[in-house]
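The following exercises concern a predicted model. Please work through each task before reading its solution.

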Amino acid sequence: HRRSDEKYKQCVEALSKLEIPPGYEVEIITVEGGKNRAAAYREGMIQSDAAYKLYLDENVCLLKKDFLREVAALFEADEPLGLLGLSGTRTMPLDGIGYTSTKRCGRLIFGSAQNEIIWSEQPEGKAAEVLTVDGYVMITRYDLPWREDLFHGDSFFAEAQSIEFKRKGYKVA
């Protein structure tokens, strides 16, 4: 869901530096516009037949070179795992904003290592099961319809999609 050419360029450059696991290919699909992010992500989902789909906010640069290998290994080891993110929450606050939860987990760096946020430590290569993931990075194993009908802006799309995966019996981590 692209809004800034410079940020998009940085995002694609970071993606090009990731190691691609043997037997996998990477295809970048750019989706712009749409009535909301869920609609844009639905459009991208329809355009690809990939086994795993990575939905990435244009403001995110993935830094870990073996990120794709770790994602593939997590999915291959746990068939019910349907949706992965970099951060998320184990409980949802009453306001529905997962980011304000006191039960958050994951790791993000905002701007530089000095702005790193670690909500809870996790063993290397492991994923913690959560109620919802944040919308910064969402990786899916299964194609479920994006709930573009629920919200009219870019808020709550990640929470809604996480709940859809849970409703279908898949794990979210």
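**Exercise 1.** Determine in what order the 4 strands of the open sheet are arranged, and identify the edge strands.

*Solution.* Step one: the strand order is S1-S7-S2-S8, with mixed pairing. Step two: strand S1 (53-56) and strand S8 (171-172) each pair on one side only, and they are the edge strands.

**Exercise 2.** Describe how strand S2 is joined to strand S7, and state which sheet strands helix H3 touches.

*Solution.* Step one: S2 (residues 81-85) and S7 (residues 137-140) run antiparallel and are joined by 3 bridges. Step two: Gly85 has Met138 in S7 as its bridge partner. Step three: helix H3 (residues 67-77) packs on the sheet and touches S1, S2 and S7. The direction of H3 makes about 150° with that of S2.

**Exercise 3.** Locate Asp5 and classify it as buried, partly exposed or exposed.

*Solution.* Step one: Asp5 lies in helix H1, which covers residues 5-16. Step two: the relative accessibility of Asp5 is 57%. Step three: exposed means over 50%, so Asp5 counts as exposed. Step four: Asp5 and Glu58 are 53 residues apart along the chain, and their C-alpha atoms are separated by 9.3 Å.

**Exercise 4.** Locate Ile28, classify its accessibility and name the residues of the nonpolar surface patch to which Ile28 belongs.

*Solution.* Step one: Ile28 is in the loop between H1 and helix H2 (37-47). Step two: its relative accessibility is 43%, between the limits of 20% and 50%, and Ile28 therefore counts as partly exposed. Step three: Ile20, Val26 and Ile28 make the nonpolar patch, with an area of about 260 Å².

Definitions and conventions: Residues are numbered from 1 along each chain as its sequence is written. This is a predicted model: local features need pLDDT of at least 70, side-chain atom pairs count only at pLDDT 80 or more; totals for chains, interfaces and linings use all residues. Side-chain values use heavy atoms; hydrogens and water are left out. Helices (H or I, at least four residues) and strands (E, at least two) are DSSP runs, numbered from the N terminus. Buried means under 20% relative accessible area, exposed over 50%, partly exposed in between (1.4 Å probe, protein chains only). Two strands pair if DSSP finds at least two bridges between them. Contact means heavy atoms within 4.5 Å. Axes are lines fitted to C-alpha atoms, for helices over the stretch in contact, and angles run from 0 to 180 degrees between N-to-C directions. Patches are made of residues with over 30% relative accessible area and no salt bridge: like charges are joined within 9 Å, nonpolar side chains (Val, Leu, Ile, Met, Phe, Trp, Tyr) within 5 Å. Accessible areas come from the Shrake-Rupley method with a 1.4 Å probe; for residues, only the protein chains shown count as cover. A salt bridge is a side-chain nitrogen of Lys or Arg within 4 Å of a carboxyl oxygen of Asp or Glu.
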